[in-house]
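Trainee: I would like to learn how to read a fold from its coordinates. Could we go through one case together?

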Amino acid sequence: MDFADVLRRRRAVRNYLEEPIPRETLERIVARGRRVPSGGFSQGLRLIVVTDAATRGRIAELSDEHEYVAMGFDPWISRAPAHIVIGTREDDYHDRYRQPDKLQEDGTEIHWPVPYWHVDAGAAMMLLMLAAVDEGLAAGVFGVLDWGPIWELLGIPDDVLPVAVVTVGKPAPESRERGSKGRGWRPIDEIVRWERW
Ligand SMILES: Cc1cc2nc3c(=O)[nH]c(=O)nc-3n(C[C@H](O)[C@H](O)[C@H](O)COP(=O)(O)O)c2cc1C
């Protein structure tokens, strides 16, 4: 699909057909997610693909899906035939930035003012969503206030921090209009300055 079409089609989809997605399709999507750039090529990204219905149902419960339903949304999290849990391993960045070619002149590790392991996880989130659209599918994303129970459910190691979950599936009509509809984009001049602020 043309990149402009992929971008145009991409939106946060909050309802899916319960039709399973072939494993090869999901493999292509996560392989494209792996291509994300990362600070120092640290590659702190870790992905967990969940297709098992019972586990997806549990993730939905632990993500308070009932609150979406109470607001008039569909039970989109449990319905999505695939969840891709995005995790990031901060230690990969420290390991990388302690290597000789990355040390500062005084031999110490650089401390970036921005946690690039989170930045890179966000970039991966976008790649995964675009890759899903490129496969003719739809994607959504959600965050969770308390990751503890999902961390445990999926056996995620202590040094991998879950960041967000991308839902993937064939889109279904949505009971409630998405929040962004009608709000419009901030004017381009508010977002973009040229040469200086
Ligand atoms: C970091 C991040 C976290 C998000 N978390 C949620 C979420 O918890 N639940 C949800 O329904 N949508 C979530 N969204 C989707 C946004 O609400 C959505 O992207 C935004 O409203 C713009 O709509 P669009 O993606 O359709 O353009 C999240 C998006 C991002 C980028």
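Mentor: Start with a definition: two strands pair if DSSP finds at least two bridges between them. This is a predicted model. In it, β2 and β4 run antiparallel and are joined by 7 bridges.

Trainee: What stands opposite glycine 87?

Mentor: Its counterpart is proline 162, in β4.

Trainee: How many bridges join β3 to β4?

Mentor: The general idea is that strands of a sheet pair through backbone hydrogen bonds, either parallel or antiparallel. For β3 and β4 (residues 161-169) the count is 5 bridges, and the two strands run antiparallel. Within β4, valine 165 is the residue opposite phenylalanine 142.

Trainee: In what order do the strands of the sheet lie?

Mentor: The order is β1-β2-β4-β3, in an open sheet of 4 strands with antiparallel pairing. The edges are taken by β1 (45-50) and β3 (138-142); each has a single partner strand, so one side of each has no neighbour in the sheet. On average, neighbouring strands are turned by 25° against each other, direction ignored.

Trainee: How many residues of β4 are buried?

Mentor: Burial is read from a count: a residue is buried if 20 or more other C-beta atoms lie within 10 Å of its own. By that count 8 of the 9 residues of β4 are buried, and the strand is mostly covered. For the protein as a whole, 32% of the 197 residues count as buried.

Trainee: Which helix lies across β1, β2 and β4?

Mentor: That is α3 (residues 53-62), which runs at about 115° to β1. The residues of β2 in this arrangement are 82-88.

Trainee: Now helix against helix. At what angle do α2 and α7 pack?

Mentor: Two packed helices are described by the angle between their axes and the distance between the axes. Here α2 and α7 (residues 116-134) pack at about 145°, and their axes are 8 Å apart. Their crossing is right-handed. From α2, the contact is made by Ile29, Arg32 and Gly33; from α7, by Ala124, Leu127, Leu128, Ala131 and Ala132. By type, the residues of this contact divide into 6 nonpolar, 1 polar and 1 charged.

Trainee: Which residues of α6 are buried?

Mentor: In α6 (residues 90-97) they are Asp92, Tyr93 and Tyr97. Looking down the helix axis, the buried residues of α6 fall within an arc of 120°, so they line one face of the helix. What covers them includes α7.

Trainee: Next, the backbone angles. What is the phi of glutamine 43?

Mentor: Its phi is near 55°, a positive value in a residue other than glycine. Glutamine 43 belongs to the loop between α2 and β1. Because glutamine 43 has 16 C-beta neighbours inside 10 Å, it counts as partly exposed.

Trainee: Where is aspartate 64 found?

Mentor: Aspartate 64 is in the loop between α3 and α4 (65-70). Although not a glycine, aspartate 64 has a positive phi of about 60°. There are 15 other C-beta atoms within 10 Å of aspartate 64, so this residue is partly exposed.

Trainee: With which residues is leucine 17 in contact, leaving aside its neighbours within four places in sequence?

Mentor: They are Gly169, Lys170 and Ala172. Leucine 17 has its place in the loop between α1 (3-9) and α2 (23-33). Its 14 C-beta neighbours inside 10 Å are the reason leucine 17 counts as partly exposed.

Trainee: How many helices and strands does the secondary structure come to?

Mentor: The protein has 9 helices and 4 strands. Along the sequence they follow the pattern α-α-β-α-α-α-β-α-α-β-α-β-α. The C-alpha trace spans about 60 × 45 × 30 Å along its principal axes.

Trainee: What share of the contacts between residues at least 6 apart in sequence join residues at least 24 apart?

Mentor: The share is 81%.

How values were computed:
Residues numbered from 1 in each chain as written. Predicted model: local features only at pLDDT ≥ 70, side-chain atom pairs only at ≥ 80, totals over all residues. Axes fitted to C-alpha atoms, helices over the stretch in contact; angles between N-to-C directions. Contact = placed C-beta atoms within 7 Å. Buried ≥ 20, exposed ≤ 12 C-beta atoms within 10 Å, placed from the backbone. Left-handed = near helix turned anticlockwise from the far one by under 90°. Nonpolar A, V, L, I, M, F, W, Y, C, P; charged D, E, K, R; others polar. Arc of directions from axis to C-beta.
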